[in-house]
Amino acid sequence: MYKRVLLKLSGEAIKGETSFGIDSKTVQSIAKQIKDTHDLGVEVGIVVGGGNIWRGKTASELGMERAQADYMGMLATIMNGLAVQDALEQLGVPTRVLSALTINEITEPYIRRRAVRHLEKGRVCIFVGGIGSPYFSTDTACVLRATEIGAEIVLMAKNNTEGVYDSDPRTNPNAKLYDELTFAEILSKDLKVMDATAASLCKDNGLNIIVFNMNTEGNIIRAVKGEKIGTFVKVK
């Protein structure tokens, strides 16, 4: 069983079946799974996306200045992180929200040593604000934080997607689900798992990931225990 993991929650996962925003029932279900994992003694870090509220890249394509749009996306991740924190604390799980953007009234600043200490004390750390700079996705922030805190694996939770496919299963009923992939294959086949920067960081730092369906109850624990679910993406 993995002892320290980094869970990547996309904005898509947080919005559940709704078209926009935060679905409270979905967040509560996610929090319950995280609590069950935490109760096993696993140290859990979380990186939260913001696509359910705002997508910087999409906004820039509509004419907004890219850096400004990306900062707005970082603020969206902070809103999501606070929602996840509230759901976890209602279940009695100690948490800390650490932000790459300085908002002292509601978050702690991200400091690597402080984050590691929180994890060692049994607190779930929720990392928000991306990496604090525009032009980088939350996928990149996820891999960077996982590397910094010494996570053994990245768990990429998707909304109603079982793993990585060779094409979009929503438009191609014959799409093939991969059981295993390498990061080299992700880059060469241009598979939409994570952006190229994040994939390269994983490859360079020997960090494997598991892509799985967040909506299947108990999948986080299955992934932590090393059971075969979703798609396992390995360095080589």
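Contact here means heavy atoms within 4.5 Å, and helices (H or I, at least four residues) and strands (E, at least two) are DSSP runs, numbered from the N terminus. You are looking at a predicted model, in which local features need pLDDT of at least 70, side-chain atom pairs count only at pLDDT 80 or more, and totals for chains, interfaces and linings use all residues. Residues are numbered from 1 along each chain as its sequence is written, and side-chain values use heavy atoms, with hydrogens and water left out.

**Stop 1: α6 and α8**

Select helix α6 (residues 138–149) together with helix α8 (residues 196–205). Their axes (lines fitted to C-alpha atoms, for helices over the stretch in contact) give angles that run from 0 to 180 degrees between N-to-C directions. Here the axes come within 8 Å and cross at roughly 20 degrees. That makes the two helices, α6 and α8, roughly parallel; angles under 35 degrees count as roughly parallel, over 145 as roughly antiparallel, 65 to 115 as roughly perpendicular and the rest as oblique.

The crossing of α6 and α8 is left-handed. A crossing gets that name if the near helix is turned anticlockwise from the far one by less than a right angle, and is right-handed if clockwise.

Now show side chains: D139, T140, V143 and T147 of α6 meet T197, A198, L201, C202 and N205 of α8. By class, this contact has 4 nonpolar, 4 polar and 1 charged residues. Ala, Val, Leu, Ile, Met, Phe, Trp, Tyr, Cys and Pro count as nonpolar, Asp, Glu, Lys and Arg as charged, and the others, Gly among them, as polar.

**Stop 2: two loop residues**

Go to Y135, in the loop between β5 (124–128) and α6. Y135 is not a glycine, yet it has a positive phi of about 75 degrees. Then pick D190, in the loop between α7 (183–189) and α8; D190 is not a glycine either and has a positive phi of about 55 degrees. Most residues other than glycine have a negative phi.

**Stop 3: α2 and α4**

Select helix α2 (residues 24–39) and helix α4 (residues 66–90), which pack at an angle of about 60 degrees with their axes 9 Å apart. α2 and α4 are therefore oblique to each other, and their crossing is right-handed. V27, A31, I34 and K35 in α2 meet A83, V84, A87 and L88 in α4. By class, the contact of α2 with α4 has 7 nonpolar, no polar and 1 charged residues.

**Stop 4: the cores**

A nonpolar core is a set of buried Ala, Val, Leu, Ile, Met, Phe, Trp, Tyr and Cys residues joined through side-chain atoms within 4.5 Å. Buried means under 20% relative accessible area, exposed over 50%, partly exposed in between (1.4 Å probe, protein chains only). The largest core has 35 residues, and those with the most contacts inside it are L7, I34, I46, L88, I126 and L155. α4 gives the most to this core, with 5 residues.

Centre on I46: leaving aside neighbours within four places in sequence, its contacts include L6, L7, I34, V84, L88 and I126. A second, separate core of 31 residues includes V47, V116, F183 and A199.

**Stop 5**

Pick H118 in helix α5 (residues 112–120). Is H118 buried or exposed? H118 is buried, with a relative accessible area of 8%. Leaving aside neighbours within four places in sequence, H118 is in contact with R96, L98, E108, R123 and C125.

Finish at A223 in helix α9 (residues 219–224), which counts as buried at 0% relative accessibility. Not counting residues up to four places away in sequence, A223 touches Y2, L155, I210 and I229.
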